[in-house]
Amino acid sequence: MSVNTESSLKTTNRKIHNLLGLGLALIGILILLIVPTLIPPYYSYLLATIFTTALLATSLNLVLGYGGLLHLHHGVFYGIGAYTVAIILTKTSWPFALAVILGPILSAALAFVIGWFCVRLRGLYFGMLTLALGQLVWAIVYRWNALTNGDNGIHAIPVPDFLTSISSVYYTTLLVLLVSLLILSKITKSPFGLTLLAARDNPVRSESLGINVKQHRLIAFVIAGFFAGVAGVLFVLLERSVAPSLLFWNKSAEILIMCLMGGLTVFLGPTLGAAILVLLSMIVGLYTEYWLLVLGLLLLILVLFLPQGILGYICEKIKGRRQRGGSLDASN
Amino acid sequence: MLQIEQLKKSFEGYQAIANANLSVPQGEVVAVIGPNGAGKSTLFNLITGHLTADSGSIRFQKTDITQCTPHQICHHGIGRSFQLINIFTSLTVFENIQTAVLAKHRLERKLFKPAKKLLREETLEVLNSFGLVRYKDHLCSSLSYGDQKVLEIAIALGSKPKLLLLDEPTAGMSPDETSRIVQLIKRLSQDEGLTILLTEHDTDLVFDVAQKIMVLHQGETIAQGLPEDIRSDKSVQKAYLGETEVC
């Protein structure tokens with residue numbers, strides 16, 4: 001087979017795959033648009049929870065999977081986004097739109113401050129500092145009774161009338177998730193995303209090519225913080241209450257496990273991980289209080305048998321099959 | 001082009017670079033030689049900012065770069081390859097070069113344009129000139145050792161440096177692969193006029209490609225000059241090659 005024919009075949013195959021992917025995505029979106037009309041409101045609520053959590057996990061994966069940084073306390077940005085909206089809507093007369101905008105912005109600002117210190121460190125030291133600073137923020141939220149209502153949290157947060165029904169919240173979270181995933185996907189495929197991967201693989205080499213690795217990682221950290229803040233805003237729309245547990249370290253551990261479960265190397269891995277974990281926690285919650293025990297067992301199974309995550313494993317298998325197909329074609 | 005004066009660097013009392021002096025003229029191939037532990041790699045790391053000197057100065061095109069960081073030094077026009085293969089293992093061969101090309105054009109922070117459409121021609125040009133274009137979609141970890149070493153140099157060239165530092169470019173290579181690298185160095189120097197500073201254990205290669213040689217012994221420059229002067233220098237023979245004459 002000539003090189004030109006092979007290359008045009010590859011291009012055609014790629015186009016078919018892209019079209020297939022686009023078609024499947026459109027069908028999926030269409031189903032998600034119709035679903036709330038067919039299921040009880042509780043399941044719409046459950047799906048909206050999955051959408052919110054999926055956005056949170058995908059934002060973490062920008063730093064964890066693409067950046068290779070052991071970020072152990074992403075939940076803090078989620079919590080700050082949620083608390084910002086909650087405080088503005090309950091303690092000020094500022095408009096709803098401003099609260100929704102300020103949530104992610106404050107999360108990104110906090111991510112800048114925490115990230116500025118953390119990107120100077122590597123590996124476990126980076127992780128430990130994110131954990132320490134995150135817990136510091138949690139302690140402030142937990143203790144600052146006058147502003148945050150302490151361990152009671154803030155409840156009955158007023159939202160505009162058009163967001164009071166579960167179906168409107170469902171469609172809002174779905175829309176925000178899809179737009180955010182589109183933006184995050186574009187970022188991972190951009191020069192910024194490519195450079196982030198390069199810095200993950202080899203920071204020393206990246207520096208010697210003119211890349212300011214620390215600054216690059218800080219930008220990724222801030223972007224991830226921003227989208228965690230967006231997820232925090234969605235949480236408030238869905239629950240209309242916030243509590244300090246949103247910023248506690250075990251929430252961050254759950255998000256980390258979602259990423260590991262779905263697969264760090266696949267863009268939609270954390271979305272799958274979030275869906276599985278949210279559903280499992282609901283099902284397990286029906287039978288036992290010991291959800292964390294089940295989570296621990298899951299983590300054990302994951303680390304031992306599926307280190308690349310579920311979607312990572314599936315993608316590896318598909319890629320392997322394609323390569324085998326390719327080499328068979330070549331031998332023929 | 002590059003001037004190093006009285007450079008010193010120590011690690012917890014061990015003087016790795018005691019008094020290094022070097023001048024690299026534009027357009028020439030200059031080699032730094034010395035026995036194991038002489039401080040060649042340390043010197044390279046000082047030039048490229050991966051280490052910071054205790055004292056002395058490094059000037060590149062009249063700019064003092066002694067305290068600059070590696071990414072600033074790259075933007076001044078110094079590129080380097082490493083002794084051990086230092087590539088981006090999870091990226092394809094194309095993406096390895098493209099990362100360097102994007103950084104050269106300071107496009108590495110573009111957030112929303114698809115990377116695969118940016119600076120394609122320039123990336124392919126680099127791949128073509130190194131004979132790597134047929135591997136462009138391969139993961140670089142799947143290449144042979146020799147090809148990975150060529151890719152290692154190609155990545156450095158992707159940032160279009162004015163001065164290229166090659167740290168033992170033929171380390172661990174077969175004679176065939178070594179001769180491929182020699183041809184490559186000659187082409188870069190003669191056809192493209194690139195200034196090259198290299199360290200190498202293979203003295204035959206050094207005397208074949210270098211127009212100037214600096215000898216480093218225990219972190220100190222003991223001689224620098226034309227290859228024939230170095231060959232006959234008694235102090236070099238004593239310190240670096242024992243009593244045997246340089247062949």
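This is a predicted model: local features need pLDDT of at least 70, side-chain atom pairs count only at pLDDT 80 or more; totals for chains, interfaces and linings use all residues.

Student: Let's begin with chain B. What makes its radius of gyration agree with that of a compact globule?

Tutor: For 247 residues, a compact globule would have a radius of gyration near 18 Å, and chain B has 18 Å, so the two agree. Its C-alpha atoms fill a box of roughly 60 × 40 × 35 Å along the principal axes. Chain B has nine helices and ten strands, and buried residues make up 44% of the chain.

Student: Now for chain A. Why is α2(A) called roughly parallel to α7(A)?

Tutor: The axes of α2 (residues 41-66) and α7 of chain A cross at roughly 20 degrees and come within 9 Å. Angles under 35 degrees count as roughly parallel, so α2(A) is roughly parallel to α7(A). Their crossing is left-handed.

Student: Which residues make that contact, and how do they divide into nonpolar, polar and charged?

Tutor: Among them are F51(A) and L55(A) of α2(A), and L177(A) and L181(A) of α7(A). The residues of this contact divide into 16 nonpolar, seven polar and no charged.

Student: How many residues does the contact between the chains take from each?

Tutor: Chain A gives 22 residues and chain B gives 30 residues. On the side of chain A, α7 (166-189), α8 (191-201) and α9 (203-208) each give two or more, and α8(A) has the largest share, with eight residues. That side of chain A divides into ten nonpolar, seven polar and five charged residues.

Conventions: Residues are numbered from 1 along each chain as its sequence is written. Chains are lettered from A and ligands numbered from 1 in the order in which they are written. Helices (H or I, at least four residues) and strands (E, at least two) are DSSP runs, numbered from the N terminus. The radius of gyration is taken over C-alpha atoms; the globule rule is 2.2 Å times the number of residues to the power 0.38. A residue is buried if 20 or more other C-beta atoms lie within 10 Å of its own, exposed if 12 or fewer, and partly exposed in between; C-beta atoms are placed from the backbone. Two residues are in contact if their C-beta atoms, placed from the backbone, lie within 7 Å. Ala, Val, Leu, Ile, Met, Phe, Trp, Tyr, Cys and Pro count as nonpolar, Asp, Glu, Lys and Arg as charged, and the others, Gly among them, as polar. Axes are lines fitted to C-alpha atoms, for helices over the stretch in contact, and angles run from 0 to 180 degrees between N-to-C directions. Angles under 35 degrees count as roughly parallel, over 145 as roughly antiparallel, 65 to 115 as roughly perpendicular and the rest as oblique. A crossing is left-handed if the near helix is turned anticlockwise from the far one by less than a right angle, and right-handed if clockwise.
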